[in-house]
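The exercises below are to be worked with the sequence and the coordinates open. Each task is followed by its solution in steps.

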Amino acid sequence: MTLSYTIVTISALLVVELIVMIILMSYFVLSIDLTPETLVANLREEWTPMMQHFFSSEPPDVDGARKYLEDVQGTVIRTRPLLVFGSLQLEMRVKDFLHFYYLLNDRTLVYAIPSGIVSEEDLGKKIPYDYLPGLDRPLRAALQGEEDQNLLYEIVEPGHRIIGAIPVFRFEPTDVGYVTVPVESLLDIERNLVGIVVFTTKHFPWQFLPLGQLILYIGRSLLIITLFAGLIGSVFGLWTAKGLTRRLTHVSQAAHDWARGDFSVSIRDTSKDEIGKLTSDLNLMAKQLENLMDRRQELTILEERNRLARDLHDSVKQQAFAASAQLAAARVHMNAHPEKAYEQLKEAELLIEKVRQELTDLILELRPVEIKGKGLVVAAENFISDWRRRNEISIEFDVWGEEHILPLDAQKSIFRILQEALANVLWHSQAKLVRVSFDFRSYILVVIIEDDGKGFVVEQRRGEGMGLDFMKERAALIGGELIISSFPGRGTSIVLRYPYPVAEI
């Protein structure tokens, strides 16, 4: 927790520093005038005198121009100073975000900066007007000797890149003779086009701001603050974490006892802060849960008694009454019709055997479930094996996946649901085949009990003694879900979904 406080404190400060850096970057970029007109004007002022000397000779000094361009650094653009950081001022070179192509007046490509942007085969050859996207109009205007800056550039999509062409002139007296290129007279000086400088932007200038310089200034200014904040965060975190850890440990211990069913444990914390309020709410919740569990237990016992009463009334009592009727009829016919009395005694014997079998099943349900030490699967296998031996209904049992160790209460509840479901099959379904499967998946246990019996309408059987609500209540008590599907003539399917408890860390 101490480390968390320290990291949060320093991280918050770093976020503030990052915001400051973004604001400064925005300031510097906005302070740079990089409109197309400005670019054309600045490049014309610098590059025209540079290239005029090489392109004006007869023939043009191409080798000299190339050698010169290999070493030239180009224009440097500076931002306005920021006095808050000691007159901080950033600068960038034009060639860092521009490509240059140098042409003679007949469109012969002489050189390019950077040199790798054109192939060696293109050097010394005439380029077409559409050599670059958007070049056609500015190049034609430059070859015609246009001075209007708005005609010497084009904005190209996507990215709003700028492409332009700047004419390079040689100025001579008017009596220099015949020339083959466009000329324009100005007083007694004749202006002859000797070359073209084509430029195109390759990136937005933001990418070429000297971030190292900016980070150095900001880092040097804020280093002491960062170290101081880290020290304060560590001390504060250590002091706060010690008390919080102790209090949270008490909460954890109480929660562990509650999870085991011991709600007599309470958390003693008289503080008025958020954790104190939380412990008070948790103590109240524990008391309410204890009351709820007691009420649920009472309701479960009552429901179990009612269910047993219904089962005894619906099955054992009816069978006993029928056996009593058969015995009474046999006594009447004993002297006059002994054969008929014998048949009625046999029928009474069968009815009494059914009563014994159903009482045995009820006793098995009431007997404590001995699962501890054996596990749920073994207990289910033993019960199903015994159930198969005592009844004439075929039953299949499958287990999928690797058995998970479940809490004992959950195992008992699942076992009771299995008992209740098979009891319903025996007493009500008239089924010939039952399938039971335990599917241990990664995060959940799925128990499926299905039969091929006569089925029923689920909504119409509520409260009629089949124990469906009782099974659902058992599933809910362990955090599971019970889904019952049945249709007349199509059998019944009971699906229990029990998610495994999350392991304590």
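**Exercise 1.** In which crossing, left-handed or right-handed, does α8 pass α9?

*Solution.* The model is predicted, so local features need pLDDT of at least 70 and side-chain atom pairs count only at pLDDT 80 or more, while totals for chains, interfaces and linings use all residues. Residues are numbered from 1 along each chain as its sequence is written, and side-chain values use heavy atoms, with hydrogens and water left out.

Step 1. Find helix α8 at residues 376-390 and helix α9 at residues 408-429. Helices (H or I, at least four residues) and strands (E, at least two) are DSSP runs, numbered from the N terminus.

Step 2. The two helices pack at an angle of about 20°, with axes 10 Å apart. Axes are lines fitted to C-alpha atoms, for helices over the stretch in contact, and angles run from 0 to 180 degrees between N-to-C directions. That makes α8 roughly parallel to α9, a term for angles under 35 degrees, with roughly antiparallel for those over 145.

Step 3. The crossing of α8 past α9 is right-handed, meaning that the near helix is turned clockwise from the far one by less than a right angle, and anticlockwise for left-handed.

**Exercise 2.** Describe how α9 packs on α10.

*Solution.* Step 1. Helix α10 spans residues 468-477, and its axis lies 9 Å from that of α9, at an angle of about 165°. That makes the pair roughly antiparallel.

Step 2. α9 passes α10 in a left-handed crossing.

Step 3. From α9, S413, R416, I417, E420, A421 and N424 meet L468, M471, R474 and A475 of α10 (contact: heavy atoms within 4.5 Å). By class, this contact has five nonpolar, two polar and three charged residues. Ala, Val, Leu, Ile, Met, Phe, Trp, Tyr, Cys and Pro count as nonpolar, Asp, Glu, Lys and Arg as charged, and the others, Gly among them, as polar.

**Exercise 3.** Which residues of the largest nonpolar core touch the most other members?

*Solution.* Step 1. A nonpolar core is a set of buried Ala, Val, Leu, Ile, Met, Phe, Trp, Tyr and Cys residues joined through side-chain atoms within 4.5 Å; buried means under 20% relative accessible area (1.4 Å probe, protein chains only).

Step 2. This core has 44 residues, and M51, F55, F100, Y102, I196, V198 and F199 touch the most other members. Its largest share, seven residues, comes from α2.

Step 3. Beyond its neighbours within four places in sequence, I196 contacts residues including F55, Y102, L139 and A142. L139 and A142 are among the buried residues of α4.

Note on methods
Buried < 20%, exposed > 50% of the residue type's maximum accessible area, 1.4 Å probe, protein only. Parallel < 35°, antiparallel > 145°, perpendicular 65-115°, else oblique.
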